[in-house]
Amino acid sequence: MAKSVAKNALYSGIRTVGTMLFPLVTYPYVTRVLLADNLGKVDFLVSIMSYFTLIAQLGITNYATREGARVRNDRSKLDQFSSEVFTINMGSTLLSYALLAVLFVSWPHLQGYGQLVAIESATIIGTTIGVEWLYTLSEDFGYITARTLVVQAVSAVLLFTLVKQPSDYMLYAAIMVFSAVGANVFNFVRSRRYATIRLVWGFDVRRHLVPMLILFSNVLATSVYINIDVTLLGVIRGDYEVGLYGVSVKIYTLVKQLLYAIVMVSVPRLSLYLGERRQERYQELLGSILHALLVTVLPAILLLFLLSDYVVLIVGGEAFAASAEPLRILCFALAPAVFAAFIVNCVLLPNRAERLILVSTAVGAVSNLVLNLVAIPWFGAAGAACTTAIAEVLVVTTGTWLGRRFCSYRALLKGQLSACLNVALGLVAIAATHFAITYWLGTSLITFLASGFACILVYAFVLALRKDTFAQRLLARLKHATPNHS
């Protein structure tokens with residue numbers, strides 16, 4: 001049975017908010033206990049381990065979500081498809097561990113992090129057995145949301161109970177691994193309600209492997225321009241600089257994930273519409289997603305930029321005040337990053353344009369790597385933030401140009417002219433409200449709370465006054481969800 005895209009977006013939004021609340025609640029405690037050096041050690045290892053997790057995943061998540069959505073209504077075909085994908089995934093996981101062992105033995109710098117490597121490496125197998133792609137293509141966002149919230153609640157209790165001093169950074173790393181993949185054993189057991197997964201032999205591996213490798217190259221390129229700044233900061237500038245930069249990246253990533261939720265929950269439905277040749281429904285959903293992004297992304301970025309000093313102070317404390325500068329720079333990366341996700345996941349991926357995705361992300365990866373090598377030695381964290389913003393702009397520009405044959409951008413944007421005007425007026429209202437409150441109250445935590453609350457209300461008022469269709473639909477759903485609604 002088809003599930004409501006709106007309900008899926010709600011579940012995904014709740015999950016993302018929960019994922020955001022977990023670090024928002026725990027990270028201020030962690031930064032004050034572990035301090036920049038020890039936090040930098042963990043962040044550096046996470047950046048290293050992300051490459052090996054990607055090798056293990058081999059582009060399987062995007063491939064399985066897209067191709068599995070086309071056979072999800074046929075249980076026997078889904079069983080066979082899922083088993084073949086999982087078998088390939090287990091093989092790539094073993095390869096990933098082998099490569100990690102080679103790197104550990106051959107790179108003396110990494111050997112100084114031996115225990116952290118052992119702890120963080122659990123994410124590789126944990127991600128594989130989670131088969132989250134099966135839940136995504138089945139649109140079981142309710143379970144994914146509930147599981148995530150429970151695991152993160154347990155992780156928060158463990159963190160506040162066990163992490164008490166700077167030397168507890170390895171305990172912190174272990175708890176973070178648990179929060180990421182701790183429930184994945186249950187995922188695998190529960191997956192039988194959607195597909196019977198087993199190791200299989202004698203199937204046409206190449207049929208899956210070729211598109212997987214293309215998608216993997218794309219994800220690897222994306223990881224390079226997302227993680228290479230942290231990796232190079234650790235190698236060139238040391239753990240302390242990584243710790244400072246890590247706070248700004250954590251905030252940037254949390255906001256980006258929340259905004260990504262609007263895009264990612266729609267990928268299975270977009271693929272389904274294209275698979276069934278329902279082009280009209282595809283274009284209609286595409287327009288709705290773009291409208292939602294315009295209305296939510298730009299005001300969120302402006303608000304984060306205006307309140308960045310307060311956000312860093314709350315999350316990291318005075319010791320991380322220097323993180324505000326790279327955070328403000330990263331704000332300029334948010335819009336291109338989210339709209340690049342729209343182009344890649346809503347236009348190119350459903351149309352099986354993996355090679356074009358690879359080209360656009362490779363442009364971002366190569367440019368980010370080269371620019372980081374130049375900028376980080378001179379400007380440290382601020383330079384790393386600048387290169388991320390430039391890379392995101394290059395990715396969205398390249399992807400938009402390459403995807404023009406799959407989507408009429410002129411027609412798509414023509415339907416968003418009213419939304420663009422509404423957003424522009426709302427941004428002016430947000431900026432005016434913030435500066436007025438700052439003028440009256442000065443700089444304090446009260447200013448942060450008052451400005452954030454007032455800016456959201458003013459923006460909502462502008463959308464309501466302009467009768468924005470996204471705001472009207474959202475208000476109608478909220479009214480429908482109230483207990484007194486009949």
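Visitor: Hi! At what angle do helix H15 and helix H20 pack?

Guide: Helix H15 (residues 308–316) and helix H20 (residues 445–465) pack at an angle of about 120°, and their axes are 10 Å apart. Keep in mind that this is a predicted model, where local features need pLDDT of at least 70, side-chain atom pairs count only at pLDDT 80 or more, and totals for chains, interfaces and linings use all residues. Residues are numbered from 1 along each chain as its sequence is written, and side-chain values use heavy atoms, with hydrogens and water left out.

Visitor: What counts as a helix, and what is an axis here?

Guide: Helices (H or I, at least four residues) and strands (E, at least two) are DSSP runs, numbered from the N terminus. Axes are lines fitted to C-alpha atoms, for helices over the stretch in contact, and angles run from 0 to 180 degrees between N-to-C directions.

Visitor: What do we call the way H15 and H20 are set to each other?

Guide: H15 and H20 are oblique to each other. The cut-offs are under 35 degrees for roughly parallel, over 145 for roughly antiparallel, 65 to 115 for roughly perpendicular, and oblique for the rest.

Visitor: Which residues make the contact of H15 and H20?

Guide: On H15 they are Tyr310, Val311 and Ile314, and on H20 they are Leu445, Thr447 and Phe448. Contact means heavy atoms within 4.5 Å. By class, the contact of H15 with H20 has five nonpolar residues, one polar and no charged. Here Ala, Val, Leu, Ile, Met, Phe, Trp, Tyr, Cys and Pro count as nonpolar, Asp, Glu, Lys and Arg as charged, and the others, Gly among them, as polar.

Visitor: How many aromatic pairs does the whole structure have?

Guide: The search finds seven aromatic pairs. Rings of Phe, Tyr and Trp (its six-membered ring) pair if their centres lie within 6.5 Å; planes under 30 degrees apart count as stacked, over 60 as edge-to-face and the rest as tilted. One of the pairs is tyrosine 29 with phenylalanine 160, which is edge-to-face, at 5.0 Å centre to centre and 65° between the planes. Tyrosine 29 lies in helix H1 and phenylalanine 160 in helix H8 (residues 141–162), so this pair ties together parts that are 131 residues apart in sequence.

Visitor: Is tyrosine 29 buried, exposed or partly exposed?

Guide: Tyrosine 29 is partly exposed, with a relative accessible area of 23%, and phenylalanine 160 counts as partly exposed at 31%. Buried means under 20% relative accessible area, exposed over 50%, partly exposed in between (1.4 Å probe, protein chains only).

Visitor: What about tyrosine 310 and phenylalanine 448, how are those rings arranged?

Guide: Tyrosine 310 and phenylalanine 448 form a tilted pair, 6.0 Å centre to centre with 35° between the planes. Tyrosine 310 is in helix H15 and phenylalanine 448 in helix H20, 138 residues apart, and the pair links these distant parts of the chain. Both residues are buried.

Visitor: New topic! Where is isoleucine 437, and what does it touch?

Guide: Isoleucine 437 is in helix H19 (residues 417–441) and counts as buried, at 10% relative accessibility. Leaving out residues up to four places away in sequence, isoleucine 437 touches Gly442, Thr447, Ala450, Ser451 and Ala454.

Visitor: Which residue comes at the end of H1 (residues 5–57)?

Guide: That is glutamine 57, in helix H1. Glutamine 57 is buried, with a relative accessible area of 10%. Apart from residues up to four places away in sequence, glutamine 57 touches Asn89, Ser92, Thr127 and Thr128.

Visitor: How many residues of helix H2 are buried?

Guide: Seven of the nine residues in helix H2 (residues 60–68) are buried, so H2 is mostly covered. Among them are Ile60, Tyr63 and Arg66.

Visitor: Last one: how do H3 and H6 run relative to each other?

Guide: The axes of helix H3 (residues 75–106) and helix H6 (residues 122–129) come within 10 Å and cross at roughly 175°. That makes H3 roughly antiparallel to H6.
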